[in-house]
Structures are given as C-alpha cells and as structure tokens.
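Me: I am new to this structure and would like to go through it in short questions. Please show it to me.

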Amino acid sequence: SVHEFVKKREPLRQAVGIQSLLDGIQALIELQARQSYVSYQTDIPADLPAVRADRVMIEQVLLNLTRNAIEAMQHIPPQRRMLNVVAEYDAATAQVSVAVIDQGHGIPDDVAERLFSPFFSTKAEGMGMGLNICRTAIEFHGGSLTHSANPQGGTIFTFVLPAVPAAAEQERSEEH
C-alpha cells in the first residue's frame, strides 16, 4: 500500500513539474477514463513553477484522486462524465495548486466529515479510497489537500504544494 510505501523509504525530494508528473501516469489515467467512458482533460500552464516533491508519491496521489473522480461518475449520463485536472500558481503564497475535478455524484455532508479519517472508504457508494493516505502524503510535503463541491455538480479535490523558487530552478539548470 501507499502507506507502507510512505513509511519504508526516505522520500526523494526534487524539483518536478506537474505536467511531467501527469505525463508519467497519463496512460494509466486515460485507460481508466476510457473504460468508464469519461473524457479526460488537463489545463496546466506552460510556465507553471516546479514543486519540490517525491515524484512517485505525488503520482500515487494523482492516480488515487483521478481514479476516485472516475468512479464517482459511473452513474451519471456519459456525456457529463468529464474529468479535469487544472493547475495554477499563486504567486502570493508561492504555491502550486492542482485541482482534480469531477462531475459525479458529489459528497453528502455526513460523508464529507469522515472522508479523510483513516480506513474510511465508502467503496460501496463509489466514493473511492486512500484519501487519508493522500492527505498524509501531501502534508508530508508541506502542502494541504481539501475538497469542495463543484458548482457544475460533482466534487473538486485540490492539493497545494510549495513551489520551487525560480532562483533555485535557475541554479539547478546551470549545474547540469
């Protein structure tokens, strides 16, 4: 499990781009989306700063969140099954946010309170799994994972990670 994985190895933090992370798992996301007749789109600005992160760990988080989003849309009409991953940079807080947006069944308030508790899974309701582990992994990186209702129906899970300062990025490219 991701949990043992988090405990077992010393994380390798490096400057990684969100686009590069998504490229690494794109085939997996697209396969799952296709199987569930979900259309998958991303909106990642070309000039988005890198984040300092353990690549494998954040890929796991993205895979979990996109899988949950796909599963949340199984019972809605196929033409509404849209999965969007949107990233933004907030210069004021020097953070990169990544939102995984579904148009699924949404999260009832009583479920929302327990959503991030350990071992909570409403697989029966198609709510997905591993959110507690996802949150732990993101907080471990000095970020946060939150969710909100999608005005279009469905749910938006957003995680925020500290951006790598442009100066550090610069030094790194000069070393190579």
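Me: Is A94 buried, partly exposed or exposed?
Reply: This is a predicted model, and in it A94 has a relative accessible area of 32%. Buried means under 20% and exposed means over 50%. The value for A94 lies in between, so the residue is partly exposed.

Me: Where is A94 found, and what is its phi?
Reply: A94 is in the loop that runs between β4 (82-90) and β5 (95-101). Its phi is positive, although the residue is not a glycine. The value is near 55°.

Me: Which loop holds Y37, and what is the relative accessible area of this residue?
Reply: Y37 lies in the loop between α2 (18-35) and β2 (39-43). Y37 is not a glycine, yet its phi is positive, about 55°. Exposed means over 50%, and Y37 counts as exposed because its relative accessible area is 62%.

Me: How far is the charged end of R13 from the centre of the ring of F140?
Reply: The charged end of R13 sits over the ring of F140. For an Arg, this requires CZ within 6 Å of the ring centre. The distance here is 5.1 Å.

Me: How many aromatic pairs are there?
Reply: Ring centres must lie within 6.5 Å to count as a pair. By this rule the number of aromatic pairs is zero.

Me: What is the average pLDDT of the chain, and how many contacts does the stretch 124-128 have?
Reply: The chain averages a pLDDT of 85, and 81% of the residues score at least 70. Over residues 124-128 the pLDDT is below 50. Beyond near neighbours in sequence, the contacts of this stretch in the model number 16.

How values were computed: Residues numbered from 1 in each chain as written. Predicted model: local features only at pLDDT ≥ 70, side-chain atom pairs only at ≥ 80, totals over all residues. Heavy atoms only, no water. pLDDT = per-residue confidence, 0-100. Contact = heavy atoms within 4.5 Å. Helix = DSSP H or I, 4+ residues; strand = E, 2+ residues; numbered from the N terminus. Buried < 20%, exposed > 50% of the residue type's maximum accessible area, 1.4 Å probe, protein only. Phe/Tyr/Trp six-rings, centres within 6.5 Å; stacked < 30°, edge-to-face > 60°. Lys NZ or Arg CZ within 6 Å of the ring centre and 35° of its normal.
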